[in-house]
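Open the model in your viewer and keep the sequence panel beside it. This tour goes stop by stop: what to select, then what is there.

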Amino acid sequence: MRFCQPTARTASIPNSHDPKALIYAPAGRDAQVAASLIDEAGLSSLSVADLNLFASSLDDGIAVGVLTEEAVRGSDLKPVAAWVAGQPSWSDLPFIVLTQRGGGPERNPAAARLSEVLGNVTFLERPFHATSFISVARTALKGRLRQYEARARLEALGEGERRLQTALAAGRLGAWELELSSMALSVSATCKAIFGREPDDEVKHDELIASIHPDDRDLVQASLRQTIDTGRDYSIEHRTIWPDGSLHWTEVHAQLYADRYGSARKLVGVCSDTTARKAAEENLRRLNENLEERVRERTRQVDAAHQTLLEEVAQRERAEEQLRQSQKMEAIGQLTGGVAHDFNNLLMVVLGNLELLGKHVVGDAKATRLVDGALQGARRGAALTQRLLAFARQQDLQVKPVDLAELVSGMNDLLRRSVGSSVSIETILPATLPPALVDANQVELALLNLAVNARDAMPDGGTLSISLREEQVVGGAGDLGEGTYLVLAVADSGTGMDAETLKKAVDPFFSTKEVGKGTGLGLSMIHGLAVQLNGALVLTSEPGVGTTAELWLPATEQCPETAAEGETLAPEAAARLRILLVDDDALIAMSSVDMLEDLGHDVVEANSGSQALELIRSGQRFDLVITDYSMPGMTGAQFAQAVRDIHPALPIVLATGYADLPAGTDIDLPRLGKPYNQAQLAKEIIKAMAGEAPPVSRSGRNAGASGARLLKADNVGDEIGDGACVV
C-alpha cells in the first residue's frame, strides 16, 4: 500500500521543490530494491552508478541518501564529506547505510568511519524487513521536511530583516538595542550618524548618555528607568551635543522585551534626527508671535500704497487739466497767428500806399505830417503782428551777431516797468565782450520772461541781478560744443527750489501753479530756444536763497550790423528789371506793383501760381520773380519749384507773412517778410540779383515745444512765474 501523506506535505513547504532519495548501490539488485521501497515511502528516487556522481548529485533537493557499506568501503569519500561539511545551517541531510549482517558500526570500524563522514546516518543490517526500511526512510523524510520548514522560516526572517532595514533607511531611522543585564549597546550606522559618530566608531551606552545636553540628561534617564520598571514604551525628544560641539535634536522610541518569566531583558528601539523639524517649528513659532505685528505692518503698507495711488490719481487729474489749459493756449495761439497773418497783408497795403503817397505830398507840411502819423501807426501795427506771431510760434529765428550788453541796456526801462518798484535791478555788463550769434528779438523776450519769473518768486520784493560774462568750453561739456560762449545770467533772491523740483523745471507741462495760471511750457520753451541757438539753459537754485538762470549763447567774431548799414541801400540802387509779381491778394499786388514801378522796374502781375506759369511757358522773358507763399491751389514754394524746372537760374524771392512752410518743404529761396517797405523790397531785389544766400533762418515751428518766440514762462515751484504777454 502506497503512503502519500508526506508527498502532500512536501508540496506545502516553500522552496522544497520535489525532494528525492539519492541511491548508490551498484551491486546486484540493491538499487532496484531500494528504489522500490523508497517509492513505497512516498519519495521519488535517483540512482547513480559511481560514488563521484553520487557526490556531485547531492544538493538541497535531496531528502535522503541511500548507500551500501560495501560499495563505499575503501573508496575516496572526500567529495561526499566536503558537501556534508558545507551544508547550510538549516540542513542536516539524513543518510541510510545498508550493511551486511554483523557489519554494524559496533563491530565494523569501516562503518564507524562512515558515521564520522556523513554525520546524520542510520545503519540498517541486511537482511531487513521491507517495513523496517520504509519506516527508516519515512523517519528520515520527516526530519528533512522539518529542515525545509526551518529554511523557509529563516528565509522569511531574512526577508523581513531586509524590509526592516529598507524602511529604517527610507525613514532615516537608526536602530539600537540595549542589553539590560550588561548594558551592552548595539547601534546601526545610521544611529551612529544621528549622534555625530562615524560608522566605524565604537559607541557605548555611557558615551551616548554623556552626549545628551546637560539640561535634558536627567529627563532621559528618568524616562529610561520608568520604561524598565513599568514596561511602558520609551519615547522622548532631547538635545544632543555632537563631538564637534554642534547642537542637534534627537527623537528616540523603544520597547521593552522581557523573558518568559516577565523579567526585562533588553530595550529595542529607533532614533531620528529632528534638528530641521525643530528649526522649522521654531521659525513657525516666531512667525506666529510676530504675525500680529506683520499684519499691522502690512496694513500700514497697504494704506501707504492706497495713499500713493490717490496722489497719483490726483496728479494725473492735475496733468490732464494742465493739458487742457495748454491745448486751449495752443488754440488761442493758432487763432492769433491766423489773425496776425491776415492783418499783415492789410498792413502791407497800408504801408506800401502810405510810403508812395508820402513822395507825392512833399512840400505840403500838413499832408506830410498826416502821412508820417499814418506810417507810424501802421509800423506799430506791424510790430504788434510780429509779437502776435511770436506768441503763436509762427516766426523764423533770424540769427545775427548781436551786442548783448547793448541789448540788455536797451531793455532797462522795459524790465523796470515789468518787475515793479518792489524789485531792484542790478546789472553787470562788461563792455569788452564779443557779440553773440542769436536772434535779438528772441533773447529779449527770453530775458523779459526770466525777469518776470524772478519777480513772481519775490512777492515781498528783492534784488534781480542781470550779468554777462564770457566762458570758454574746451572739449565739449554736456550739451555744449567746444568754443566761446556768452553767459546771460538772471539771478533773484526769492524762495528758491529744492533738488526734486529743479530736476523737473524744464519738463514740458510741469508746473506747481494753480490751474489757469500757467501751462508749464515757459522754461521748456526758453530751453528749446537755447538749444536751437546751439547753446544751453543752466538752472541752479537753493530753497530760501534764490534761483539763477544762465542762458549760454555762442559767441562770434562777426561784427553786429548798425542801423546806418541797414539803410545804405537806396530805392533807386537797382537796375531796370522785368519782374513777374505773383500774389492772390489784389490789394497787396496793386501796392507791390506801384512800389516796383516807382523803383523803375517793369512789372507783370499774376494772381495765381498757375497763371504765372502760363506766362513763363509762353516764352516771355523775366529778370526776377517775386511770389507770395500762401496762395490757393498752388503755394509759392510749389510755384517756385515748377519755375526752377523750367528756368533753373531765374532769381525768385518768396514773400510771406510768417514761416509756416510745412515739414518736408526743402526750398532755398530769399524771403521777404511782410509787411515790407520800398527800401526793404529794393534791398532784397539787389541781393537776389547778386545771387546772395538768404539770411540764416531757424524756424520756430520746426523747434516744437521750444518755440521761435517766447512770450510766456511758467512758474516752477515758487520760483518761475507766468510773465504777461508783452506787446
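**Stop 1: T227.** Select T227 first. At a relative accessible area of 3%, T227 is buried, because buried means under 20%. You are in helix α10 here. Show the surroundings of T227, leaving out residues up to four places away in sequence: the contacts are R232, D233, Y234, L256 and L267. Bear in mind that this is a predicted model.

**Stop 2: the whole chain.** Zoom out and colour by secondary structure. The protein chain has 22 helices and 24 strands. Of its 727 residues, 42% are buried. Now think about contacts between residues at least 6 apart in sequence: 71% of them join residues at least 24 apart.

**Stop 3: the cavities.** Hide the surface again and look inside. Rolling a probe the size of a water molecule over the atoms shows where empty space is left. How many cavities of 30 Å³ or more does the structure hold? There are 4.

At least two lining residues come from each of β6 (174-179), β7 (184-187), α9 (205-211), α10 (214-230) and β8 (234-241). Which element gives the largest share of the lining? Helix α9 does, with 3 residues. Colour the lining by class, and you get 14 nonpolar residues, 2 polar ones and no charged ones.

**Stop 4: E237.** Stay in this region and select E237, which sits in strand β8. E237 is partly exposed, with a relative accessible area of 26%. Draw a C-alpha to C-alpha distance from E237 to V252: the two are 6.2 Å apart in space and 15 residues apart in sequence. Beyond four places in sequence, E237 touches W249, T250, E251, T274, R277 and K278.

Stop 5: Most residues other than glycine have a negative phi, and most peptide bonds are trans.

- Select R126 and P127. The peptide bond from R126 to P127 is cis, with omega near 0°. P127 lies in the loop between β5 (121-125) and α7 (130-170).
- Select M183. Its phi is positive, about 55°, although M183 is not a glycine. The loop between β6 and β7 holds M183. M183 is partly exposed at 37% relative accessible area.
- Select N534. Here too phi is positive, about 65°, and N534 is not a glycine. Look for N534 in the loop between α17 (522-532) and β17 (536-542). N534 counts as partly exposed, with 48% relative accessibility.

**Stop 6: the nonpolar cores.** Select L404 and L464. In the largest nonpolar core, which has 37 residues, these two touch the most other members. Which helix gives the most to this core? It is α15 (residues 440-456), with 7 residues. A second, separate core has 24 residues, among them A63, W90, I134 and L141.

Return to L464 and show its contacts, leaving aside neighbours within four places in sequence. The list is V419, V423, S424, I425, E426, A451, A454, V490 and A491.

Stop 7: Move on along the chain and select P675. It lies in the loop between β23 (671-673) and α22 (678-690). Is P675 buried or exposed? P675 counts as buried, at 13% relative accessibility. Draw the C-alpha distance from P675 to T656: it comes to 8.5 Å, for residues 19 apart along the chain.

Finish with A679, in helix α22. A679 is partly exposed, because its relative accessible area of 22% falls between the 20% and 50% cut-offs. A679 and L599 are 80 residues apart along the chain, yet their C-alpha atoms are separated by 9.6 Å.

Notes: Residues numbered from 1 in each chain as written. Predicted model: local features only at pLDDT ≥ 70, side-chain atom pairs only at ≥ 80, totals over all residues. Heavy atoms only, no water. Core = buried A, V, L, I, M, F, W, Y, C linked by side-chain atoms within 4.5 Å. Buried < 20%, exposed > 50% of the residue type's maximum accessible area, 1.4 Å probe, protein only. Helix = DSSP H or I, 4+ residues; strand = E, 2+ residues; numbered from the N terminus. Contact = heavy atoms within 4.5 Å. 1 Å grid on protein atoms, 1.4 Å probe; cavity = no way out; pocket = protein on both sides within 12 Å on 5 of 7 lines; lining within 4 Å. Points joined across faces, edges and corners; volume = space filled by probe spheres on them. Nonpolar A, V, L, I, M, F, W, Y, C, P; charged D, E, K, R; others polar.
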